[in-house]
Amino acid sequence: MSNLNKTILEGAGKLQQELLNHRRYLHQNAEVGFDLPVTKAYVKEQLTKMGYQPQDCGKAGVVVLAGGKKPGKVFLIRGDMDALPIQEQSGVEFSSKTCNMHACGHDMHTSMMLGAAKLLKEHEDEIEGTVKLMFQPAEEPLTGAADMIANGVLENPTVDAGMMIHVSTGMPVPEGMCLLPEAGPGASASDWFEIHIQGKGGHGAMPNACVDPVNVAAHIHIALQEINSREVTPGENMVLTVGHITGGTTSNVIPDTAAMYGTLRTFDPEVRSFVKQRMEEISKSVAQAFRAEATVTFPIACPALVNDKDVMESAEKYMEELVGPQGFISARKAMPGKAKMSGSEDFGFVSEKIPVTMMMLGAGTPANGYVYPQHHPKARFDDASLQHGVAAYVYIAMRWLEEHK
C-alpha cells in the first residue's frame, strides 16, 4: 500500500475545480432515461481527452478500462448519468436549462466517475489488474443497468466484483463522509404496478344502471393497505404506495374504466412474491364484488441490491486506511439493522451477477441548510463532497485488486 492513501487523497483534492466544472455542465444540461445525447457526448469527449477509448454499451451506456498492464482481476465502478423530469426550483446559479433536473445527484455521480477516470489514468501502471468504469443511463426508470448487462458490460473482460456510490442530501450524513452498509439487502426491490378496472359507464345521476370503476378503485386502494398491516410479518420492511389514480373526465358521468398506478418496495424475495400474489387476488376479488373486473400488471421490476459481505468488509477496511476510523460511518457498527434504504437502485441487477457493495456519500445535511430531499425540485447538493467520492472510488478499486491478485 505504501503511501497510496495519501497520494489518492491529494490527487482527488487537486481535481476539485475540474469536478465542479463537470458537475455544472451536466447539471445545466440534464437529460432523462436513455435519451442522453448531450450527456453521453460530454462524457465520451472528456474520457477521450484523458487517453481512454470509450466504448458504447447498450442504448446509451459508456464503458472504459483503466489498468490492464498487470495481470489480475477486474473491479467495476459505476456512475449513473440520467436526471428526472422535474422543473428545477433550487435557485443555484447553474440551474438546469432543460425541463429536467438532476434532483437525485446523478450529475455528482458522473462527475466523480470522470474524476476517478483521470486519477486512475495517472496511476495506471500501479493497478494490479483492471478497473472497469460503467457510465450508466436510465437508473431512474430502473432499466439502464439491465440494458448494459444484456449488452455485455460484465464481460470482455469478465468483472469479478464492483461498487457504486450514491450521494445523499437532506439527510444527517455529514458532507463528504461515506456511509458503508451492512451485508445483505441495502436497497429495496421495486415493482411498478398498474391496476386497470373495467366497469360500466353511464349517467352520474343513475349509478344503479352503471358499474362505477372509481368506486371500485377506492375500495381496492383501501384493501391493499391491509396487506402490510394484516398479512406481512411485523417487522418485515414493505411499502405499497398508490401514487396515481385516474378515472373519468367530467363530474356528471360515470366512466367505463379507472386505473391505479403505484410502487411496491420489498427486501425479501418471498415477501415480494407473496405481496404481488395478494395484490392480484385482492384487486380481482374486490372488483368482482362490485360487478367490475380488474387486471394487475407489473411493467417494471427491479431486484433488491444485495451488499456482499466480503466486498463490503474489504471496502470498510480500505476506507479506514484512506480516511481513518472517524472519517467514515460503518452501518454495521453504528446503526445495525437500520441502514436499509426503501428507495430502489437498479445496481441490484448487477448484484445478482457479481459481488458488490453500495456506499452513501453525504452531500448536504439539514443542519447546514440542505433541507430538501432528493427528487425535490428545490434539492441542492454540496459540491465539496465530490473529491471524497473520487478518492473512495479509486482507492477501494485499486486496493481490492491488489489484495485479490
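Student: What is the handedness of the crossing of H2 and H3?

Tutor: This is a predicted model. The crossing of H2 and H3 is right-handed. Helix H2 spans residues 16–28, and its axis lies 10 Å from that of H3, at an angle of about 160°. Angles over 145 degrees count as roughly antiparallel, which makes H2 roughly antiparallel to H3.

Student: Which residues of H2 and H3 make the contact?

Tutor: H2 contributes Asn21, His22, Tyr25 and Leu26, while H3 contributes Val38, Thr39, Tyr42 and Gln46. By class, the contact of H2 with H3 holds 4 nonpolar and 4 polar residues, and no charged ones.

Student: At what angle do the axes of H3 and H4 cross?

Tutor: Helix H3 (residues 37–49) and helix H4 (residues 106–122) cross at roughly 15°, their axes coming within 10 Å. Angles under 35 degrees count as roughly parallel, and H3 and H4 are therefore roughly parallel to each other. Their crossing is right-handed. From H3, the contact uses Tyr42, Val43, Gln46 and Leu47; from H4, Thr110, Leu114 and Ala117. The classes here are 5 nonpolar, 2 polar and no charged.

Student: How far apart are the axes of H1 and H11?

Tutor: The axes of helix H1 (residues 4–14) and helix H11 (residues 386–403) are 8 Å apart, and the helices pack at an angle of about 145°. H1 passes H11 in a right-handed crossing. On the H1 side the contact is formed by Leu4, Asn5, Ile8, Leu9, Ala12 and Gly13, and on the H11 side by Gln387, Val390, Ala391, Val394, Tyr395, Met398 and Arg399. That contact of H1 with H11 divides into 9 nonpolar, 3 polar and 1 charged.

Student: Now the pockets. What is the volume of the largest pocket, and how many residues line it?

Tutor: Rolling a probe the size of a water molecule over the atoms shows where empty space is left. In this model the largest pocket has a volume of about 820 Å³, and 31 residues line it. Those nearest its centre are Met341, Ser342, Gly343, Ser344 and Met360.

Student: Which element gives the largest share of that lining?

Tutor: Strand S15 does, with 4 residues. S15 (341–344) is one of the strands supplying at least two lining residues each; the others are S5 (161–168), S7 (184–198) and S16 (356–362). By class, the lining of the largest pocket has 16 nonpolar, 9 polar and 6 charged residues.

Student: What lines the second largest pocket?

Tutor: The second largest pocket, with a volume of about 220 Å³, has 15 lining residues, and Gln55, Val63, Leu65, Lys132 and Asn156 lie nearest its centre. Strands S1 (55–57) and S2 (61–67) are the elements that give two or more residues to this lining. Its classes are 6 nonpolar, 5 polar and 4 charged.

Student: Asn156 brings us to the backbone. Which residue does a cis peptide bond join to Asn156?

Tutor: Pro157, with omega about 0°. Pro157 sits in the loop between helix H5 (144–150) and S5.

Student: What is the phi of Arg291, and where does this residue lie?

Tutor: Arg291 has a positive phi of about 70°, although it is not a glycine. Arg291 is in the loop between helix H7 (269–289) and strand S12 (293–302).

Conventions
Residues are numbered from 1 along each chain as its sequence is written. This is a predicted model: local features need pLDDT of at least 70, side-chain atom pairs count only at pLDDT 80 or more; totals for chains, interfaces and linings use all residues. Side-chain values use heavy atoms; hydrogens and water are left out. On a 1 Å grid over the protein atoms alone, a cavity is a set of points where a 1.4 Å probe fits but cannot get out, and a pocket is an open set with protein on both sides within 12 Å along at least five of seven lines; lining residues have an atom within 4 Å of a point. Grid points are joined across faces, edges and corners, and a volume is the space filled by probe spheres set on the points. Ala, Val, Leu, Ile, Met, Phe, Trp, Tyr, Cys and Pro count as nonpolar, Asp, Glu, Lys and Arg as charged, and the others, Gly among them, as polar. Axes are lines fitted to C-alpha atoms, for helices over the stretch in contact, and angles run from 0 to 180 degrees between N-to-C directions. Angles under 35 degrees count as roughly parallel, over 145 as roughly antiparallel, 65 to 115 as roughly perpendicular and the rest as oblique. A crossing is left-handed if the near helix is turned anticlockwise from the far one by less than a right angle, and right-handed if clockwise. Contact means heavy atoms within 4.5 Å.
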